[in-house]
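Subject: Structure for your review

Dear colleague,

Please find below the structure that I am handing over to you. My notes on it follow directly after.

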Amino acid sequence: MLRNVGSGLRSLFRNQQVDRELDEEVRAYLEIAVEEKMKHGMSREEALRAVRLEHGSLDVTKEIVGAARWEALVETLWQDLRFAVRTLRKTPVFTIVAILTLGLGIGANTAIFQLLDAVRLRNLPVLNPQQLAAVRIAGGNQGMGINQDYGDLTRPVWQEIRDHQQAFSGMFAWSVAQRYTGRGSEMRHFNGLWVSGNFFRELGVRPFRGRMLVPKDEGPCPNSYGVASYSYWLRELGGRDPAEGIHLIVNNDPVQIVGVTPPDFFGMVVGDSFDIALPFCQPPDGLRRDIFEVSVMGRLKPGWTLDRASAELAGLSPGVFEATVPPDRDTATTEMYKHFRLAAYPASRGVNQLSESDYTSLWLLLGITGLVLMLACANLANLLLVRGRTREREMALRQALGAARWRLIRQLLSEGALLAAAGAVLGIALASVLSRGLLLLFSTDNNLPQFDLSLDWRVLSFVGSVAMLTCIVFAVAPALRSSRAHPSDALKSGSRGTTADHETFSLQRLIIVTQVAISVTLLAGALLFVRSFRNLVTLNPGMRERGITVAFLGYWQSNLPRERWADFQRELLEEVQAVPGVQNAATTTRVPLDGGSWEHGIRVGSAEGTSKFTWVSPDYFATMSIPIVAGRGFTNDDRTSSQRVAVVNQTFVRRFLSGIDPVGQTLLTIAEPNYPATRYQIVGIIPDTRYSSLRDETPPIAFAPATQFPAQGPWSQVLIYSGLPAATVMSAVKHRLGAKHPDVVMEFHDFQKQIMDGLVMERVMATLSGFFGLLAAMLAAIGIYGVLSYIVVMRRNEIGIRMALGANRVSVLNLVFRQTALLLALGVAIGVVVALAAAQGAASLLFGLRANDPLTFVAASALLIVVALLACYLPARRAMQVDPMVALRYE
Amino acid sequence: MADKPSDLVQGTLDMLILKTLALEPMHGYGITVRLEQMSKGTFRINAGSLFVGLQRLQRAGLIKSEWKATENSRRAKYYTLTQQGRKRLDSETREWGKQVAAITRILEASS
């Protein structure tokens, strides 16, 4: 059939040559005819006339032949399609089931692919994104200094690079952070994008309204001009024309919005839209050299590759880092800093909030839905095979009447193609709904990922190839099989095979084995993810999670002198503690399990290393229900003026003080800006608690009294413990503090919820893989049920004869179960092997169990075996109930 | 009526062309003449239908063609039966025989 289509297409393109050949042939034909006539004595004139009378003119002949050639091709294709539509309409249930199955399968795959496409494969909506490259430190900055999200370099480093580089035709830098607009109770969050002055020009982003920021907008702090994103402009600024003057209070300073970016520009972070873009400003006391806050990008000059740019940047690096050494570091850190090397990385797709393991999860999900689609296809192939059996007579008849075999195959394939095409159309429609649902699954209270989920050529070609593949999987084998019917055999009426038709059966057995194998794989995967998620959720972090509310209190608008900050923090804490229903409350510089981290280099005796540091108020350990296992906690006697004291965890003791009584020992921190070298006396020990995330092993942690915190800012984080619902606590605290201190910015989170939000990807994987695992088991059960029922019906005579000859019901039951058991065993074995291999790839995503966890694999196999046996119970019972007389008489 | 050529029974042209070519490779006109001779003038094939038939058979892989010189050293396309074509001719001949026998029996019985 393909060859035929090929020659048809070839003849379409080579039409002229074909015509010329035909022309020559027909002319030769007529010439020969004339010659023949002349041989019989006619004159040339007479012969020509006679020939023309007999055969018509040259042109007419060619016309007939040409028309027949094209009609044949178009006609048969059209016939196939029309016939396919007719046949499918004759069996509406089959058709609807098939289209729905395919539609759902293709839809689910497309939805996940769309998400992958949006986060990973799509270029930024800017001018020539493929020219963009990012400049980063090869291997990262080893955690030194203060690190902001997407911050690769410090601003002094950015300026050095900008002034000395050769590889880029233009460079720009940006950073993101959440800040506030408005004052007092009017205050609201916004997603800020800070940019170098040439950011919009280099990216080629044209204003939707007004103007974009330009280099001269970069100046001394505070900023005075900003640009709004399209969505923020519509949502918060009422879509007013910037020319009329839009004035906001941003971070306590007046800012004029001078322009609006186009609707498709969301900034540089895929999945996260910015609200207001502001230019970099020069703080009065100079730029900090230890805040890694900016991401630096540029457009490569024509002819420059990433490698060449990296080489150039590497040459530049010693000078750049020599000129920007952060102050007050120990020699080792300074030396490490001076040896950093810059390199260029592709940046056409912007940066992404998803981690590598999130991508792995998404690809795995795509694999899982792909396998589910395969299962669905296997079931359809099954149905088609059965249909093929019932249509064998029709096929045989048509073959006897002269239809070529490829013509029958082509017609069966047209039915498959038609189903696949309908499924694909339905799939695309479903995908747009499903992908939005998927986004909702990923969203948390304060983060709804925003992706452009429109269809692009990548998604469409994905759908196309998936549909084609499914068509091949479910339609080709049955088509080949059905068209093989031998006319004479099939025409013999009522041939109800005994154990004949080995071929059909063996194909169906193959399908069962495949289905079982795939289902076991999916079930095992699902169990792994569900159990891993459960391990995370039920993990005891060593502290209280339930009933804790995290409050962020900011008082930078209260115009307090710096010396009052610490006292004001204490006053606020006392206010919070006095709120009815609040059982306990404490301040902390680091909220545990929120992903953040703060550490210092330390020396304990002769040992050196790093430890996390948190400054807390005396009630912290009681609030978080962390016991003191030795020594004491903090009290109000630990003052700014008194001896510096610390409480450390057991990991700290094991790492630095093993074999010594830790209480009474001292630890020395290494100096950093704002954190002078300090000697702490260890006064207490706490058990290990999780630090920044549930997944990570506990690091050495040291706690110190809040009163002794050297870098107090005009803000405070308070952990509140209460038996009341979080919302009640929040509104009570907000009410009480708001009445007394209207200038204080307040934000609240539920601690437990925040921890759960950190497990979004794990939750999604557990939910979806669990869902698809069960779906897979169900599909396999349907498949097994279908095949066995069919086999039982086909073998009814045989069973009848066996029973007539004395076989009892048990042996009949055995007959059916033996069939299944072998297939099941084979499928499970293959499935376990495949699942073991696949799980290795997902090992990094798992928590608290190994990828080859035996219990999981046993459970998955057992579950599937139970489901499969249930599925074959009904057909087996039907076989048992065969009445030998009826079965035999039926002939 | 007797001297007017009759129409072919539908679908038999292909079989007749195959039969003609079973003897030796031939060009288009040769096939027409041979068919006319063999049917003693009963069948006269129009050039248009002939070429449509030839193309159909060639597409189905039952015959193949090549350009050769005729006895009068004129260039013409010669058609040859393929292995597949030969098989098809056999099966169609057998089938035809059965059908004709059956039809004849029916016609004789009813007369």
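In chain B of this predicted model, S1(B) and strand S3 (residues 75-81) pair in the antiparallel sense, and two bridges connect them. One residue pair can be named here: B:Met26 has B:Tyr79 of S3(B) as its bridge partner. The two strands belong to an open sheet of three strands in chain B, ordered S1-S3-S2, with antiparallel pairing. Strand S1 (26-27) and strand S2 (63-69) of chain B stand at the edges; each has a single partner strand, so one side of each is left without a neighbour in the sheet. Helix H1 (residues 13-23) of chain B lies across S1, S2 and S3 of that chain, and runs at about 100° to S3(B).

The contact between the two chains is the next point. On chain A, 17 residues are in contact with 16 residues of chain B. Helix H2 (15-39) and helix H4 (58-90) of chain A each supply at least two residues of the side that touches chain B. The greatest contribution to that side comes from H2(A), with eight residues. Sorted by class, the side of chain A that touches chain B has nine nonpolar residues, four polar residues and four charged residues.

- A:Cys221 and A:Pro222 are joined by a cis peptide bond, with omega at about -5°. A:Pro222 is in the loop between strand S6 (219-220) and strand S7 (225-228) of chain A.

- A:Tyr150 is not a glycine, yet has a positive phi of about 60°. The loop that holds A:Tyr150 runs between strand S2 (146-147) and helix H6 (155-164) of chain A. Is A:Tyr150 buried or exposed? A:Tyr150 counts as buried, because 21 C-beta neighbours lie inside 10 Å and the cut-off for a buried residue is 20 or more.

- A:Leu593, also a residue other than glycine, has a positive phi near 60°. A:Leu593 is located in the loop between strand S18 (582-588) and strand S19 (599-604) of chain A. A:Leu593 has 21 C-beta neighbours inside 10 Å and therefore counts as buried.

I would be glad to receive your comments.

With kind regards

Methods: Residues numbered from 1 in each chain as written. Chains lettered and ligands numbered in written order. Predicted model: local features only at pLDDT ≥ 70, side-chain atom pairs only at ≥ 80, totals over all residues. Contact = placed C-beta atoms within 7 Å. Helix = DSSP H or I, 4+ residues; strand = E, 2+ residues; numbered from the N terminus. Nonpolar A, V, L, I, M, F, W, Y, C, P; charged D, E, K, R; others polar. Buried ≥ 20, exposed ≤ 12 C-beta atoms within 10 Å, placed from the backbone. Pairing = 2+ DSSP bridges. Axes fitted to C-alpha atoms, helices over the stretch in contact; angles between N-to-C directions.
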